[in-house]
Amino acid sequence: MQESLCSASPQSVGRGAPRDAGCALPRPAEAGRSHAGAARERLWGGPGAGARTQVPPQRVLSWSLGRPRSRSHCRAREMLPRAAWSLVLRKGGGGRRGMHSSEGTTRGGGKMSPYTNCYAQRYYPMPEEPFCTELNAEQQALKEKEKGSWTQLTHAEKVALFPPKPITLTDEWKAQQLQRMLDMKVNPVQGLASRWDYEKKQWKK
Amino acid sequence: MAHAAQVGLQDATSPIMEELIIFHDHALMIIFLICFLVLYALFLTLTTKLTNTSISDAQEMETVWTILPAIILVLIALPSLRILYMTDEVNDPSFTIKSIGHQWYWTYEYTDYGGLIFNSYMLPPLFLEPGDLRLLDVDNRVVLPVEAPVRMMITSQDVLHSWAIPTLGLKTDAIPGRLNQTTFTATRPGVYYGQCSEICGANHSFMPIVLELIPLKIFEMGPVFTL
């Protein structure tokens, strides 16, 4: 499967590592992926990469009791380079005008590129610019076709052009999210958690 | 936080918000009565067979429909002003935190007992753990004690932002060059979410606020590193 279209590969540092790296959520099954799905992956840069963003946050201090942090062994090993990396980023990535992005030469005094080495800025997590600007001929042709009338596009092409759905809209994630909301006792007076029976672990009748 | 497709207000976590919910119910009931009355009158007007072309004045009716709305407005204004002044009470806060808005993240300063300053960025979707809330969870939450009056001093470093937590009934603008103050007392421990509420640029939707309210005993133990 084609990885990111950027020349630099994302580093797996930080808070549990991005989901494309080693210790991550199980990927959806790749077998049986449709042509549109494969085309969309190449266009958008891999599954879950539609919002590929930058070095994960540095959780320096916390009073945290609650949320169990898994994968602490990964994090401990990555803490030191991550601390140094986040210092670099806090300084603006080494200066914006002098920044060498994966796209090529620096842009003197022009628009700041939202991505640096395949990561967005921490304070700019959802840039509007497309993540992958290096497209092959087939993808380029598709983009040109998109500029025309959309009725000319086939269903598969429309699917390929559409940005991927966030992983948080899958049923599995929604179930985990609901479980987390119930654990947090969200709206326990008249809202969600008030309708859940914590003893019997079911919805109240 | 709100669950998907939630229309009503979130449950209150502070006494002010409880008052606001009661006031909201009160004002909404008045609005429904007025709307129902107007729709009924409209219905009658459209379906009546009576015609009268010689009415010249209706002093009594005009008097009623001047006095009655004035009374209704007073009935709405009195609880509203009461809550407004209640919000402004500063009841000796035990803790002060500064919240500074940037494009597009928040900085929190705990400078009462030592100097703790940290940034709070939204967690990018790629770094969410299973079950996390997309566009709501942040890396560093604002940790505060429950049942202690807290003062928030809110300002901004660049453009207008607004620091809002619906469940606490808080929304205060972060204005560059100005310090706004808001106080609250939370009654329940938990994690409470809010979002920036003043348009501030491209990533206005991606700078949430998360409060983590914990028992005072745990809070007093001080910050610990988590790995």
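## Surroundings of Thr96(B)

In this predicted model, Thr96(B) touches Glu109(B), Asp112(B), Arg151(B) and Met153(B), leaving out residues up to four places away in sequence; a contact means heavy atoms within 4.5 Å. Thr96(B) belongs to strand β1 of chain B, where strands (E, at least two residues) and helices (H or I, at least four) are DSSP runs numbered from the N terminus. The side chains of Thr96(B) and Arg151(B) form a polar contact at 3.1 Å. Such a contact is a pair of N or O atoms within 3.5 Å; within protein, one must be able to donate a hydrogen and the other to accept it, and residues adjacent in sequence count only if both atoms are side-chain atoms.

Thr96(B) counts as buried because its relative accessibility is 16%. Buried means under 20% relative accessible area, exposed over 50%, and partly exposed in between, with a 1.4 Å probe and protein chains only.

## Basis of the values

Residues are numbered from 1 along each chain as its sequence is written, while chains are lettered from A and ligands numbered from 1 in the order in which they are written. Local features need pLDDT of at least 70, side-chain atom pairs count only at pLDDT 80 or more, and totals for chains, interfaces and linings use all residues; side-chain values use heavy atoms, with hydrogens and water left out.

## Asp137(B) and its contacts

Asp137(B) is located in the loop between β3 (116-120) and β4 (142-145) of chain B. Its relative accessibility is 1%, and therefore Asp137(B) counts as buried. The side chain of Asp137(B) reaches the backbone nitrogen of Leu133(B) at 2.8 Å. Beyond four places in sequence, the contacts of Asp137(B) include Arg180(A) from chain A, as well as Tyr121(B), Asp132(B), Tyr193(B) and Pro208(B).

## Nonpolar cores

A nonpolar core is a set of buried Ala, Val, Leu, Ile, Met, Phe, Trp, Tyr and Cys residues joined through side-chain atoms within 4.5 Å. The largest one has 35 residues, and those with the most contacts inside it include Trp106(B), Tyr110(B), Leu144(B) and Phe184(B). At least two residues of this core come from each of several chain B strands, among them β1 (95-102), β2 (105-110), β5 (150-156) and β10 (208-214). A second, separate core of 13 residues includes Leu182(A), Val186(A), Leu192(A) and Val138(B).

## Cysteines

Over all chains, the structure holds zero disulfides, a disulfide being a pair of cysteine sulfur atoms within 2.5 Å. The closest cysteine sulfur to that of Cys196(B) is in Cys200(B), at 3.8 Å, which is too far for a bond. Cys196(B) is buried at 7% relative accessibility, and Cys200(B) is buried at 4%.

## Annotated spans of chain B

An unreviewed UniProt entry lists residues 1-91 of chain B as "domain: Cytochrome oxidase subunit II transmembrane region profile". This span is 69% helix and 0% strand, with its end C-alpha atoms 27 Å apart. The unreviewed entry also lists residues 27-46 and 66-85 of chain B as "transmembrane region". Residues 27-46 are 100% helix, and their end C-alpha atoms lie 29 Å apart; residues 66-85 are likewise 100% helix, with end C-alpha atoms 28 Å apart. UniProt positions follow the numbering used here, feature names are shortened, and annotations may be inferred rather than shown by experiment.

## Confidence in chain A

The mean pLDDT of chain A is 62, and 41% of its residues reach 70 or more; pLDDT is the predictor's confidence in each residue, from 0 to 100. Values stay under 50 over residues 1-33 of chain A, for which the model has 78 contacts beyond four places in sequence. They also stay under 50 over residues 46-110 of chain A, with 136 such contacts. Where pLDDT is low, the predicted coordinates should not be read in detail.
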